[in-house]
Amino acid sequence: MPGRTVRLTGWGRVSPSSAELAEPASAASAAELLGHELLDHGAARRGVIPRGLGRSYNNAAQCAGGVVISTARLNRIIDLDAASGLVTCEAGVSLEQLMIAGLPAGWFVPVSPGTRQVTVGGAIAADVHGKNHHVAGSFARHVLSFEILLPDGEPRTVTAESDPALFWATAGGMGLTGLIVRATVQLKQVATSRVRVDTVRTADIDETMAVLAEHDRSYGYTVAWSDSLARGARLGRSVITSGDFAGPADLPPADRADPFAFRPGARVGVPAGFPPGLINRYTVALANEAWYRKAPRSRRGELQTIGTFFHPLDGIRNWNRVYGPGGFRQYQYVLPFGREAAVRRSFELVSQAHAPSFVTVLKRFGEGNPGLLSFPMAGWTLALDFPARTPGLAGLMARLDRLVVEAGGRVYLAKDSRVPPDVLAEMYPRLAEFAKLRAEFDPAGLLASDLSRRLGL
Ligand SMILES: Cc1cc2nc3c(=O)[nH]c(=O)nc-3n(C[C@H](O)[C@H](O)[C@H](O)COP(=O)(O)OP(=O)(O)OC[C@H]3O[C@@H](n4cnc5c(N)ncnc54)[C@H](O)[C@@H]3O)c2cc1C
């Protein structure tokens, strides 16, 4: 039964809302909750939404006045086959847990976002992508099956072949088709836990895009960290890191005895009372300059740990507090290939607005998948994050929206906090199909989040 009322936010710490929290400890009790206990429960009439580790940036996993079903206690790995790398686990298992369990036998997650503190359920619901999208696609490609509880509590085992409609509405469907309770995922075989990384520092946006395109052909993982405030001849200057998992012979002799070493612990934290205003156009410009200058013009074969290469921000617990109590807003778009002028224009808009994006990441996606609301499609994706108090931010984001729509692109729902519903409809042409399927699977309209209400999903 839903218990205490909690105040929740996403990782960006904007738009808090309160809901009753239910934390079922098994798939059976989650089914009981949906099928019986919530039927006459007052708060459930305001809506019910699943929640993983709350790493989506805004309010996709919140439901003001309603019920939030957390998967925190659905966190068991049920089976991991060391020979095939197939793992079956409950939906609240985190990607970090999968790494800890899989790496000793040489298995890594097939797709990793920039944090490993996300659940398997959240990874499917947002159909997350990583630095290897150009070769591996997004998370759903590696999901062999999942078990979902429909809003009436009925369990369904779903594969892309047996039930493509439900599979592709759920992958990227932001929790709005049901509660995933279990999934079977194909892990990726690796020969060590270290990545051989090549680094290139680029002078401007043209060189950045050219190097990214070239590296897509020769590396499994690649991404550019860009200087969002650089202007003129330096517009879009970046540090590009590309790599692949190292082989045992690449490791220094001292590390060969433990080729799969992975030590995720020991993280420093940001104090709760961190003063607001420290992230601004001046400090971000200084930090960007220092970090750009520190990077080598070109370096080959550096060995990096999984943490350093994939999840540098996980090294600082609660790093989202550095933005102060006002929080921050992410903006991530994808624009189709051929619209490079619009990518350049987006860098101009951000730098002209002096909007201090602390983490600015540019990458190329490979083909998308049939997910109705899945974000990736072949093209350029840029992720930006700005302190929510940045002067003129709303206007800048509206200008970016226009640019994205005109170029045939879209923004990422897992990061969105403000796109207007009519603009979203221009970006996601299959919204009506999604709504039709929702009506079929959830005729009573039980599932709802703050995000779905704002966008009319
Ligand atoms: C530092 C950082 C870096 C990131 N980098 C990337 C990146 O590189 N690529 C990328 O794609 N994303 C990235 N993200 C976003 C993140 O991967 C996604 O938002 C992911 O969905 C978060 O998973 P979660 O378990 O925290 O889910 P939550 O944030 O709790 O929920 C996200 C959505 O999933 C739904 N959901 C959660 N569990 C279930 C379930 N069991 N059944 C059905 N629906 C469910 C929720 O209803 C909600 O709509 C990043 C986030 C952070 C904080």
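## Contact between α9 and α10

In this predicted model, Ala342, Arg345, Ser346, Leu349 and Val350 of helix α9 are in contact with Leu396, Arg399, Leu400 and Leu403 of helix α10. Sorted by type, the residues of this contact comprise six nonpolar, one polar and two charged.

Helix α9 spans residues 340-352 and helix α10 spans residues 393-406. The two helices pack with their axes 10 Å apart and at an angle of about 175°. Angles over 145 degrees count as roughly antiparallel, so α9 is roughly antiparallel to α10.

For Arg55, the atom at 2.7 Å is a backbone N or O atom. For Thr119, an N or O atom of the side chain lies 2.7 Å from a ligand oxygen atom. Tyr412 likewise uses a side-chain N or O atom, at 2.7 Å from an oxygen atom of the ligand.

On its own, the ligand has 960 Å² of accessible area, and the protein covers 97% of it.

## Shell around the ligand

Two or more residues of the shell come from each of the elements β3 (48-51), α3 (120-125) and β10 (179-186). The shell holds 33 residues, of which Pro50, Arg55, Ser56, Thr119 and Tyr412 come nearest to the ligand.

By type, the shell residues divide into 19 nonpolar, twelve polar and two charged.

Definitions and conventions: Residues numbered from 1 in each chain as written. Predicted model: local features only at pLDDT ≥ 70, side-chain atom pairs only at ≥ 80, totals over all residues. Heavy atoms only, no water. Axes fitted to C-alpha atoms, helices over the stretch in contact; angles between N-to-C directions. Helix = DSSP H or I, 4+ residues; strand = E, 2+ residues; numbered from the N terminus. Parallel < 35°, antiparallel > 145°, perpendicular 65-115°, else oblique. Contact = heavy atoms within 4.5 Å. Nonpolar A, V, L, I, M, F, W, Y, C, P; charged D, E, K, R; others polar. Near = heavy atom within 4 Å. Polar contact = N/O pair within 3.5 Å; in protein donor to acceptor, adjacent residues only side chain to side chain. Areas by Shrake-Rupley, 256 points an atom, 1.4 Å probe, with all protein chains shown as cover.
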